[in-house]
Amino acid sequence: MENTLNIAEMEEKFQARIDRGEIIEPKDWMPENYRKHLIRQISQHAHSEVVGMLPEGNWITRAPSLRAKMVLLAKVQDEGGHGLYLYTAAETMGIDRDTMLEQLHTGKAKYSSIFNYPTLTWADIGAIGWLVDGAAIMNQVMLQRTSYGPYARAMVRICKEESFHQRQGYEIICKLANGTPEQRAMAQDALNRWWWPSLMMFGPNDENSPNSANAIKWKIKRESNDQLRQRFVNQTVPQAEYLGLKIPDEKLKWNPEKNGYDFGEIDWAEFNRVISGNGPCNKERLAARIAAHENGRWVREAAAAHAAKKKETLFAA
């Protein structure tokens with residue numbers, strides 16, 4: 001009973017720190033549920049960055065110009081770096097990287113549903129940058145002020161690089177939308193296919209999101225799924241109109257009372273189907289990640305052996 005009381009008092013003091021806007025660091029005491037929530041969120045974020053390299057990496061050799069190849073290559077490289085920052089941040093919570101990767105490879109851990117859709121044309125690379133990275137930035141800017149220090153600091157650089165990714169994507173769509181009729185049709189087709197999956201990136205509606213209440217309470221997140229989704233729609237619709245492209249939503253309409261757009265209902269059955277592993281490319285993405293992990297095993301083993309030998313030599317001296 002006494003131990004239970006002590007935990008309750010510690011949780012109360014912890015919440016008071018959060019309410020004051022203090023930053024939590026790895027050596028600070030924290031509730032176990034806070035730690036588990038962060039491990040789940042940060043590791044899934046890391047998995048999303050790494051799996052997200054796959055649909056774009058497929059287009060590096062097929063990009064339409066040398067400049068396009070260089071820019072896309074830089075972007076994919078950035079995403080690998082983002083995964084590294086985030087895995088490192090998660091490790092400060094007491095979980096090792098091998099465990100996180102095992103959870104990904106066995107399907108225990110999730111990653112963003114958006115990366116289970118195929119990239120059929122070059123316009124899809126533009127749509128990913130414009131819409132997918134645009135939605136990611138909307139989610140991630142607030143994480144620069146998240147209550148856990150290592151996560152917040154990792155997000156500062158990630159957000160800077162994601163803003164470059166969004167501009168890269170919008171540039172591609174802009175060129176296609178102002179190109180030949182065939183190119184314009186390609187841009188519209190990509191928008192049609194990526195619009196709704198991009199809205200799904202923000203997660204379930206607030207009333208159906210099991211983790212949102214604690215995320216807001218602990219200031220891991222500063223805004224809810226629905227608030228962020230609404231802001232994304234408000235920001236993106238004028239961009240599409242500027243390009244002369246049509247958002248694939250017949251219910252989209254400006255609402256002056258809320259100073260934002262009303263929009264149609266998301267197909268949550270599709271969202272749940274993809275999250276459950278039954279999207280167009282779920283099996284393909286996971287198989288590619290597992291194969292890459294196994295193919296790189298010798299590199300990890302060689303690096304570990306070199307580090308051990310160097311350490312042994314250092315101590316021998």
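A helix here is a DSSP run of H or I with at least four residues, and helices are numbered from the N terminus. Keep that numbering at hand for the tour. The model is predicted.

**Stop 1: the largest pocket**

Select Gln-44, Ser-112, Asn-139, Met-201 and Gly-203. Of the 38 residues that line the largest pocket, these lie nearest its centre. Centre the view on them. The volume of this pocket is about 980 Å³.

Now colour by element. Helices H2 (32-51), H6 (122-140), H7 (149-177), H9 (212-217) and H11 (268-278) each give two or more residues to the lining of the largest pocket. Which helix gives the most to that lining? Select H2: its share is seven residues.

Switch to colouring by residue class. The lining of the largest pocket holds 15 nonpolar residues, 16 polar ones and seven charged ones.

**Stop 2: the second largest pocket**

Select Val-50, Tyr-87, Leu-101, Arg-289 and His-293. They lie nearest the centre of the second largest pocket, which has 13 lining residues. Its volume is about 270 Å³.

Show H4 (66-91), H5 (97-105) and H12 (282-295). Each of these helices gives two or more residues to the lining of the second largest pocket. H4 gives the most, with four residues. By class, this lining splits into six nonpolar, four polar and three charged residues.

**Stop 3: helix H11**

Go back to H11, one of the helices that line the largest pocket. Select Trp-268, Phe-271 and Val-274. Are they buried or exposed? These three residues of H11 are buried. Turn the view to look down the axis of H11. The buried residues of H11 fall within an arc of 125°, so they line one face of the helix.

Next, show what lies over them. The cover on the buried residues of H11 includes H8 (181-200), H10 (225-243) and H12.

Move to the start of H11 and pick Asp-267. A side-chain oxygen of Asp-267 comes to within 3.2 Å of the backbone nitrogen of Ala-269.

**Stop 4: Thr-119**

Select Thr-119, in the loop between H5 and H6.

Draw a distance from its side chain to Pro-55. The side chain of Thr-119 reaches the backbone oxygen of Pro-55 at 2.9 Å. Then show the neighbours. Leaving out residues up to four places away in sequence, Thr-119 touches Pro-55, Asn-58, Trp-59, Asp-124, Ile-125, Ile-128 and Trp-194.

**Stop 5: two positive phi values**

Select Lys-219, in the loop between H9 and H10. What is its phi near? Phi of Lys-219 is near 60°, a positive value in a residue other than glycine. Lys-219 is partly exposed, and its relative accessible area is 21%.

Finish at Asn-259. Look in the loop between strand E1 (253-255) and strand E2 (260-262). Asn-259 is not a glycine, yet its phi is positive, at about 55°. On a surface view, Asn-259 is exposed, with a relative accessible area of 55%.

Conventions:
Residues are numbered from 1 along each chain as its sequence is written. This is a predicted model: local features need pLDDT of at least 70, side-chain atom pairs count only at pLDDT 80 or more; totals for chains, interfaces and linings use all residues. Side-chain values use heavy atoms; hydrogens and water are left out. On a 1 Å grid over the protein atoms alone, a cavity is a set of points where a 1.4 Å probe fits but cannot get out, and a pocket is an open set with protein on both sides within 12 Å along at least five of seven lines; lining residues have an atom within 4 Å of a point. Grid points are joined across faces, edges and corners, and a volume is the space filled by probe spheres set on the points. Ala, Val, Leu, Ile, Met, Phe, Trp, Tyr, Cys and Pro count as nonpolar, Asp, Glu, Lys and Arg as charged, and the others, Gly among them, as polar. Buried means under 20% relative accessible area, exposed over 50%, partly exposed in between (1.4 Å probe, protein chains only). The arc is that of the directions from the helix axis to the C-beta atoms. Contact means heavy atoms within 4.5 Å. A polar contact is a pair of N or O atoms within 3.5 Å; within protein, one must be able to donate a hydrogen and the other to accept it, and residues adjacent in sequence count only if both atoms are side-chain atoms.
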